[in-house]
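Welcome! Take a moment to look over the molecule below, and then we will walk through a few of its features together.

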Amino acid sequence: MALRIGTSGWSYPSGKGTWNGLFYPATRSKRAGTAGFDELRFYAEHFDTVEVNTTFYGQPRAEVARSWVERTPPGFEFSLKLYQKFTHPKMFREAALSRAPGTDGPLLDLLAQVTQADIDEFRDGIEPLANAGRLGALLAQFPASFKDSEPSREYLAQLLHAFDDYPIAVELRHKSWSDAIGDTLAMLNAFGAAWVQIDEPKFRFSIRQNYLPNVSSFYYMRLHGRNAAAWWRHEKSEDRYNYLYSSQELTDFSDIAGAAKALVKKSYLYTNNHFAAKSVVNAVMLKAQLGEPIEGEYPPELIERYPELAGLVSTSPRRERLPVE
């Protein structure tokens, strides 16, 4: 059975947790010989799948999806987050209000309603990936405030029906869903949807899971890190993902992924602790523990920052400044 391991997102160009200078070159310039550096092409030399974050913040565009296919090798797969309007209406409202102050009220309520046009726009945007056989799964990531209720179940069922011809994974975070585990599984299983298994800091109302697959078609796991201190209180949103799993902590998940691999047709395992490329490091460590091939060369800057990689990866030459021709 196929197991794919990758990271959530591949481009983190700014902030204290940037990947530049670690996994990617520190700068993009002719002098350094990195003016044409393509992050996605480089990423795809090391992993065979990625979870796309940008489709959460804006509807996917076919021309962009087509370029992703062209810049990655055959067999590389993209899993995509659903647009925030589908799963985070409050966040969508806030974003819309910031773009057009004064629209709060009935007009904004109308704009926040999911329409068939919204669904069609998303489907059109991912069509190049689906047609090329490069679409992994769609991720419906709901916030912790999304609680189990009759309206919530009705909405989730409608959303699953709207995208039922794609593999879809559902991330639920509130414990009310695991408190009613039988009903939750019955609904997800009816649509062949994978219940996303997540690792994150646990609080009073956090969901509880056993990490087992709920469908035989595919399995989906996300590791968010365990930075409990910065999870709800942080200066920057990236701070909550500033966490590096130890080898011992990862063993639990590699054991689970190995067991799931024998039960389902395909497994996806994504590391979302992206601060300063820690997700890259942990994805490599998981590959090593599972006996998966570790491909590509890794910058010495990354190995110097994270000695956990020493002995696991091949090292590329140190990036040097080149004279302008």
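Let's begin with the sheet: nine strands form an open sheet in the order β6-β5-β4-β3-β2-β1-β9-β8-β7, and their pairing is parallel. The edge positions belong to β6 (194-195) and β7 (197-199); each has a single partner strand, so one side of each is left without a neighbour in the sheet. Keep in mind that you are looking at a predicted model.

**A pair of strands inside the sheet**
- Strand β2 (residues 49-52) pairs with strand β3 (residues 77-81) in the parallel sense, over four bridges.
- To find a spot where they line up, look for Val52, which stands opposite Leu80 in β3.

**Two helices that meet**
- Two packed helices are described by the angle between their axes and the distance between the axes.
- For helix α3 (residues 62-70) and helix α7 (residues 116-131), the axes come within 7 Å and cross at roughly 20 degrees.
- Angles under 35 degrees count as roughly parallel, and α3 and α7 are therefore roughly parallel to each other.
- The crossing of α3 past α7 is right-handed.
- On the α3 side, Ala62, Ala65, Arg66, Trp68 and Val69 take part, and they meet Asp124, Gly125, Pro128 and Leu129 of α7.
- Six of the residues in this contact are nonpolar, one is polar and two are charged.

**A residue in a loop**
- Where is Asn272? Asn272 lies in the loop between β9 (266-271) and α12 (278-290).
- Is Asn272 buried or exposed? Asn272 counts as buried because its relative accessibility is 3%, and buried means under 20%.
- Leaving aside residues up to four places away in sequence, Asn272 touches Ser8, Arg222, Leu223, His224, Tyr241 and Ser279.

Key. Residues are numbered from 1 along each chain as its sequence is written. This is a predicted model: local features need pLDDT of at least 70, side-chain atom pairs count only at pLDDT 80 or more; totals for chains, interfaces and linings use all residues. Side-chain values use heavy atoms; hydrogens and water are left out. Axes are lines fitted to C-alpha atoms, for helices over the stretch in contact, and angles run from 0 to 180 degrees between N-to-C directions. Helices (H or I, at least four residues) and strands (E, at least two) are DSSP runs, numbered from the N terminus. Angles under 35 degrees count as roughly parallel, over 145 as roughly antiparallel, 65 to 115 as roughly perpendicular and the rest as oblique. A crossing is left-handed if the near helix is turned anticlockwise from the far one by less than a right angle, and right-handed if clockwise. Contact means heavy atoms within 4.5 Å. Ala, Val, Leu, Ile, Met, Phe, Trp, Tyr, Cys and Pro count as nonpolar, Asp, Glu, Lys and Arg as charged, and the others, Gly among them, as polar. Buried means under 20% relative accessible area, exposed over 50%, partly exposed in between (1.4 Å probe, protein chains only). Two strands pair if DSSP finds at least two bridges between them.
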